[in-house]
Amino acid sequence: LMQRYLTEMMDGLLLERPVDLTYLSPDKAREGLPASALRVYPLSMVLHRGAVYFIVDILEGNKEGGASRRLLTLDRIQEAHLDREAEHIPYPQGFSPEQYFASAFAI
């Protein structure tokens, strides 16, 4: 399943289309809460210390509030489906994955 989720996220990244996913954050897992249903736009991917991470813009489902741009780890995705019928989403102007990842991993 993990390979299928990776493929869906990579297709979203390459085709600039949204992905509907179910994501279990560390906080929700710790508290025994259910995973969140999110509609995300993948912006970038990185492999860091053996884990795959995606920077995403959350389009829908961010009921907790906070930033709409987040770092998600592949192993916490429980379901992922690329919306091939959705309109193309343009890549954000001025966004730098390198800068985002540098602060995300404190490197």
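## Helix H1

How many residues does H1 have, and how far does H1 reach from its first C-alpha to its last? H1 has 14 residues and spans 20 Å between those atoms, close to the 20 Å expected at 1.5 Å a residue (the expected span is 1.5 Å times one less than the number of residues). Helices (H or I, at least four residues) and strands (E, at least two) are DSSP runs, numbered from the N terminus.

A word on the model: it is predicted, so local features need pLDDT of at least 70 and side-chain atom pairs pLDDT 80 or more, while totals for chains, interfaces and linings use all residues. Residues are numbered from 1 along each chain as its sequence is written, and side-chain values use heavy atoms, without hydrogens or water.

## Two faces

Tyr5, Glu8, Met9, Gly12 and Leu13 are the buried residues of H1 (buried: under 20% relative accessible area; exposed: over 50%; 1.4 Å probe, protein chains only). Seen down the axis, they fall within an arc of 135 degrees, so they line one face of the helix; the arc is that of the directions from the helix axis to the C-beta atoms. Turned away from this side are the exposed Gln3 and Leu14.

## The cover and Ser44

E1, E2, E3 and E5 are among what covers the buried residues of H1, with contact meaning heavy atoms within 4.5 Å. Ser44, in strand E2, is buried at 12% relative accessible area. Beyond neighbours within four places in sequence, Ser44 is in contact with Leu13, Tyr53, Phe54, Ile55, Pro97 and Phe101.
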